[in-house]
Amino acid sequence: MAVRAALRIALVYLVLATVWILASDTLMAWLIPDDAQRLQMSMAKGLFYVVVTAAVLFVMVRAQMHNLDGERARVQSAHDSIVAQDLELRAALYEKQRLYTELEAKSARSQSLEAQLRQSQKMEGIGRLAGGVAHDFNNMLTVILGATELLPDELPPQSPGRSLVEEIQKAAERCAGLTRQLLIFSRKQVARVELLELQPQVVEARRMLERLIGEDIQFSTSLEGPTAHVRLDPIHLQQLIVNLVVNARDAMPHGGSLLVSTEVRAVDAELCAGHAGVVQGPFVVLSVTDTGCGMSPEVIEHAFEPFFTTKPEGKGTGLGLATVWEIVHQASGFVTVESVVDRGTTFRVFLPLADVRTTGSAIGRDAAQARRGTERILLVEDEEGLRTMIHHTLKRRGYTVLEAKNAGEALLLSEQSQERIDLLLADVVMPLLRGSQLAARLKEIQPSLKVVLMTGYVEDLEAELAHSRADDLLLKPFSADVLTERIRNVLDAPPPTPRIAAGAG
Ligand SMILES: Nc1ncnc2c1ncn2[C@@H]1O[C@H](COP(=O)(O)OP(=O)(O)OP(=O)(O)O)[C@@H](O)[C@H]1O
Ligand SMILES: [Mg+2]
């Protein structure tokens, strides 16, 4: 801009100067016509002015242009440095944001893990309590159940006592179920894990639950999609569904809709990070959605705690969701809850999808037909009632039974016995010497001895089995049929290989 203005002024000045010189000299020459030499002089003078002015102009413009280039370069470099600084600032900001988000996620994760730890500790407390009574409880139930199986044979066919025995049996079975429910919390309980197809299990649960759900609740299921297998104790799975559905029902006293659905979904590392013991991969998601009263954030916070309930006394024990939590965690899964007050709630249970190809056959629970035998069995059990019941059962099936109430007696009996003992049937938890230790000792003397252990719960099942090299492990309470069936199987089996097996439900 400045160059152009200077150029314009200089040009005007040049033109004016030239015109003035030429005009003045021409005027002179015209006034004094003969003076040709003066005319020539003035023309040369004019030309000189033109050339000098042009040269000055050229130098001025060049200098100006040079200044301008310098200015432009300075501005450009200032601009470049601002851009660079801006980029750096943005990068730093971005990094800061990233770190902040990461920190937030980590803190959320650690909070969730902390909450889970607290929950686990509470569960452990209940577990210890349950575990403490389960041993005796299961022993007594085994006696009751055993007696109810034997008793009908002693009664005349038309005896009214038969139906009473049936009632006792049903009650004992319900008690066994309750013990199992409590034992879920004591991780010492050996879950009777099976490979289960989820959809039929939901259908079965629905059939049972329809009676519990009032007519003003519309109960539907959505079980499309591929067949989804999970590894779970079938009783646990039924308990889980029942607890969630009953909660949903209770949340809708004036009716509403209830949906149970299943789907298979991938769980990524990010989602896993907030749940201890959860490994990424395909999961089966069982959702229970209701349109009930919903849960406030405070209720959600405590809902999974054992004995937390908002229901009136006598209506809820507060163990429903705690049981769900425990079952799901034992299966390496997790539960999420989404709820809006007055709108409704969705519980989602994530269970690892079981790979059917590598699973092999599931452990059966069915009590098979009892079979007879004539072998010699050494029975070691400190509970007198249970010992008598088992003795009686085995004797009726043709076996010879040597009875001992502790390991010391058992060792003595085996030493004194003239004939070979074929099988040791021993309780795991006994004073002084445990069943597994007794088995190990007897096997040193007679390696071919078959061993079946009985227990209500075992603290470290793997170690127990490895230590005793037992052929089978019976979970109390068990029925007479299951007892004889499993003993027959062990006696008929080729050389012993330790395995985990389950009793009857
Ligand atoms: N679907 C739901 N809608 C609204 N609130 C729920 C729902 N499920 C659970 N809750 C709340 O969580 C609490 C705890 O539930 P949980 O199943 O553990 O115990 P409970 O139902 O009160 O008693 P229990 O199941 O032992 O009979 C309930 O008292 C209720 O306040
Ligand atoms: Mg409940």
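Me: A crossing is left-handed if the near helix is turned anticlockwise from the far one by less than a right angle, and right-handed if clockwise. Which is the crossing of H5 and H8, left-handed or right-handed?

Reply: The crossing of H5 and H8 is left-handed. This is a predicted model: local features need pLDDT of at least 70, side-chain atom pairs count only at pLDDT 80 or more, and totals for chains, interfaces and linings use all residues. Residues are numbered from 1 along each chain as its sequence is written, while chains are lettered from A and ligands numbered from 1 in the order in which they are written.

Me: Fine. How far apart are the axes of H5 and H8, and at what angle do they cross?

Reply: They come within 9 Å and cross at roughly 145 degrees. Axes are lines fitted to C-alpha atoms, for helices over the stretch in contact, and angles run from 0 to 180 degrees between N-to-C directions.

Me: Which residues meet there?

Reply: From H5 come His236, Gln239, Leu240, Asn243, Leu244, Val246 and Asn247. H8 answers with Gly320, Leu321, Thr323, Val324 and Ile327. Contact needs C-beta atoms, placed from the backbone, within 7 Å.

Me: What classes are in that contact?

Reply: The contact of H5 with H8 has 6 nonpolar, 6 polar and no charged residues. Ala, Val, Leu, Ile, Met, Phe, Trp, Tyr, Cys and Pro count as nonpolar, Asp, Glu, Lys and Arg as charged, and the others, Gly among them, as polar.

Me: Now the ligand. How many residues surround ligand 1, and which are the closest?

Reply: The shell around ligand 1 has 23 residues. Asn247, Ala251, Thr309, Gly316 and Gly320 are the closest. A residue is near a molecule if its C-beta atom, placed from the backbone, lies within 6 Å of it.

Me: Which elements give two or more residues to that shell?

Reply: Helix H5 (234-250) and helix H8 (320-330). Asn247 in H5 and Gly320 in H8 also belong to the contact between these helices.

Me: And the shell by class, how many of each?

Reply: Around ligand 1 there are 10 nonpolar, 11 polar and 2 charged residues.

Me: Step back. How many helices and strands in the protein chain?

Reply: The protein chain has 13 helices and 12 strands. These are DSSP runs, numbered from the N terminus: helices are H or I with at least four residues, strands E with at least two.

Me: Which strands does H5 lie across?

Reply: S2, S4, S5 and S7, running at about 30 degrees to S5. Those strands sit in an open sheet of 5, in the order S2-S4-S5-S7-S6, with mixed pairing.

Me: What stands at the edges?

Reply: S2 and strand S6 (334-340). Each has a single partner strand, so one side of each is left without a neighbour in the sheet. Neighbouring strands are turned by 15 degrees against each other on average, direction ignored.

Me: Walk me across. How do S2 and S4 pair, parallel or antiparallel?

Reply: Strand S2 (217-222) and strand S4 (256-267) pair in the parallel sense over 6 bridges. Two strands pair if DSSP finds at least two bridges between them. Ser222 stands opposite Ser261 in S4. S4 then runs antiparallel to strand S5 (281-290), joined by 10 bridges. There, Glu263 faces Val285 in S5. Next, 8 bridges join S5 to strand S7 (344-352), again antiparallel. Val288 is opposite Phe347 in S7.

Me: What does helix H4 touch on that sheet?

Reply: Helix H4 (198-209) touches S2, S4 and S5. The direction of H4 makes about 165 degrees with that of S4.

Me: Other sheet now. What is the strand order, and which pairing?

Reply: The order is S9-S8-S10-S11-S12, an open sheet of 5 strands with parallel pairing. Strand S9 (400-404) and strand S12 (472-475) stand at the edges. Each has a single partner strand, so one side of each lacks a neighbour in the sheet. The twist averages 20 degrees from one strand to the next.

Me: How many bridges join S8 to S9?

Reply: 5 bridges join strand S8 (376-380) to S9. Val380 stands opposite Ala404 in S9.

Me: Which helices pack here?

Reply: Helix H9 (384-396) lies across S8 and S9, at about 170 degrees to S9. Helix H11 (435-445) touches S8, strand S10 (423-427) and strand S11 (450-455), with its direction at about 160 degrees to that of S10.

Me: Last one. Where is Arg396?

Reply: Arg396 is in helix H9. Its C-alpha is 8.6 Å from that of Arg372, 24 residues away in sequence.

Definitions and conventions: Two residues are in contact if their C-beta atoms, placed from the backbone, lie within 7 Å.
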